Amino acid sequence: MTSTDDTWQSYTQRIEELAGRLGLKFHPVDFEAVPDTFMMEIAVYGLPVRMPHWSFGVRYIYQLIQRHMGHSRLFEVVFPGNPGHAYLASSNGLAENVLVTAHVLGHADFSRNNLLFQRCQEQVSEHIVEHAANHARQIQQAIETHGVQRVEAVLDAALALEQHIDVDQSLRRARYPEYLEDKRTPEEDDFRKRFAQLEPAAASSGIEPKKRAPVPPHPERDLLWFVAQYAPEMESWERDIFLAVREESFYFYPVFATQIMNEGWASYWHARLLREADFVPQQAYVDAIKCHSDVVRPIAADQQVALSINPYHLGFAMWEKIVESEGLEAARDIMIQDDDFAFVRNHLTRELAEELSLFRYSARSDGQIKVLEQDLTALHEAILSPKYNFGAPSVLAKRVRNDGTLELVHDYALDGRGLDLERSRKVLDYLQRVWRRPVQLTTTNQAGLALELTAP
Amino acid sequence: MAANSESGGGQSGGDAAKWYELFSRGARDWLRHDEKVRESVRQHLPQIVAGGELINGGSRTVRVPVRMLEHYHFRLRRPEEQQGAGQGKAKPGDVFADPSRQRGSGEKGPGGQEEGEVQLLLEFKVDDIVDWLWEEMQLPNLKARVGASEDSDWVREGWDRRGARSRLDRRRSFKELVKRRGAPGATPTFTDEDLRYRQLARRRQPAIHAVVFFLLDVSGSMSDRDRKLAKTFFFWVVQGLRREYRSLETVFVAHTTEAWEFTEAEFFQVSGTGGTVASTGFAKVQEIIEERYNPGRCNIYLFYASDGDNSVSDSADAREGLSAIAEDACFTGYVEVSSGLSRQLATETGRLFAELAAAGCAAGSYALNDFDDVWGAVRHFFSAESRAEEGA
């Protein structure tokens, strides 16, 4: 324990008190300072301890390259829960840590009160960090029992489908009913009574045997669940891996779907808490505010324009505006009820878009960028379109044939264009190895004609 | 929370850092990725290693540039035009080039999934590759044909109590010491009686020299791709033969209606025009054999690559020339490189080699149409050769 740590600890306590006075409601948060390398791994895996897979290794190398080029630096990662857990980079200075603490409390408030977060957290419990570590351990054991090749084949398929879940369903979702519902029994009218009296045998034979329900009864978008439940020959440890990946996706979904709001909310609160924290010395405050402006900087210092929007910046600006015009109470209600889709559509106004000089562009495949006419609705969609359906194309399980062939269908009308065929084939290859029967996918080609891909 | 900044982070040392190193899962998963890349590179080695300059000398390692593996997800097709949202000083109608492309760096796309191309350079030892392939493909090891004449060489043979100090066999001497003392106990002391020296004796050894003739048809009908196919095939043949022979010489002969000998460097640059008269090539090979190589002392191999369009008037001469070589050679092989149309050896030259094989000579043919076939061709010849040996 150094003296800076002590100072920071005392600040933390006072910032928490201040946050409580300003109406933030959060579960206690454990703070842990960790080396930069560990921070980087958390960023790569999304969770402090997560299942092994080679694809994380690829992301890790990209992160490493980014870091060596000095592009990005992580200050904190926070995991919601009760208690929440926040990792701080041990290279943070005191001023940075003060800022980060305030920021983390903003996140903690958000994740406790936002309804989407609440709903998903009810499903995955408040201990996702521990659950993920347990999944990692189970998968490590599976590797020891079944060998790395077999486990990897399952993970290849499961992680390829990680975005294909249905958060409107329960995490512990039951199988479909096995039989069709009975047709409504005909009402007992006079005619039937008399008919039954005349010939009892004929009347009772009217009861038909129960009919098996088709699987799936309706196109199913919860692919991880569907495969785990209905793959003809999957072993139970393989199903467990699919369900483990699905559980982690349930945790990631609200983080993904409220990124602008959540980061904006945390940035709003770190700025506000710092402003009102009179106990922080002047120098630390100035340093922290510098750091704040780095974080919410919309455009890289050497650039005139940015072709993506910094969610910290956009969210921060929107919350400032909302609190200013509608008051903190209204802002809290919005924070509780919305996700990014509602938030951006309802609260990114024309004035704000102009003030922030947001624009819409179209990028041709040869790299030419053209700035488009101003159109607020279209701007909303340009911001939100990468976020639909967990950022994945809408692929549904449509039918399982009698021979076990799985028919998938891509809703190309919804997505506006067909799938990348090369990649889709590879995903089918992954899937076919766990489904162990042919897998088929319908999408469209360049010309908009329906096209069937099959594996093997 | 993250920021774009130039400052790097300082590392706090100590036990805490070590504790977190235990987790280094990123490195572990990266190694697994690396392993997978190496596996897939191995599977495609014959195509990848097409370097002709590798046949003789040069570096004995191959560097293979590879892309990082991608873990595939369902993705929408990349549209002709994609809309996005940006921020900054820009008016409707402004047109500019994507700055992230100019820098060539891997800027993250809006989905955060697009990653820049990073190439890895993997280095493989050629010898390792060859050993590995031979094992994997279960190729037979060839037996050298023992020539009439033999070499003599010093070989190690037996031990003696006297000898040069440099040939003292310590292990053996120690064994003698233990034997003499019966049981280990007190500090052993060597006596002169215990010392054993390795002895050398002059022994005659079968000839294990080999020469490979690569005969290439460079007439107008052979395309660049055909030549590259042949070159790749030749490379692997040399690698295979090197496993068997301590000294392997290579001779490169090209022919159109005439034949010339070339150095290796020139050989793959040669392109000729005009027709194909295979007998000139065979005559040239025969001439070189007579001039430089004694079939009794030397294992001779001939590999001939052509598109098979030998001129019809030449067929008698070619048959004669080829038979003459086949008498002396351990093996003659023919690869028909005809990219595009696969005629499956139904050509003049194809028939020639078929006759030869039918006559009981060690000969084989293979139609090589694609780089994927190269390995098949190599396997075909090495199994054909070992069958020929068994028959002999």
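A:Asp403 is exposed, because it has 8 other C-beta atoms within 10 Å. A:Asp403 sits in the loop between strand S8 (395-400) and strand S9 (406-410) of chain A. Its C-alpha atom is 9.8 Å from that of A:Pro232, 171 residues apart along the chain.

Some housekeeping, friends. This is a predicted model, where local features need pLDDT of at least 70, side-chain atom pairs count only at pLDDT 80 or more, and totals for chains, interfaces and linings use all residues. Residues are numbered from 1 along each chain as its sequence is written, while chains are lettered from A and ligands numbered from 1 in the order in which they are written.

Now chain A as a whole. Of its 456 residues, 41% count as buried. Chain A has 19 helices and 11 strands; these are DSSP runs, helices being H or I with at least four residues and strands E with at least two, numbered from the N terminus.

On to the partner. How many residues does each chain bring to the contact? Chain B gives 60 and chain A gives 80, with two residues in contact if their C-beta atoms, placed from the backbone, lie within 7 Å.

Strand S5 (residues 305-306) of chain A runs antiparallel to S3(B), joined by 2 bridges. Within S3(B), B:Gly88 is the bridge partner of A:Val305.

Key. Pairing = 2+ DSSP bridges. Buried ≥ 20, exposed ≤ 12 C-beta atoms within 10 Å, placed from the backbone.
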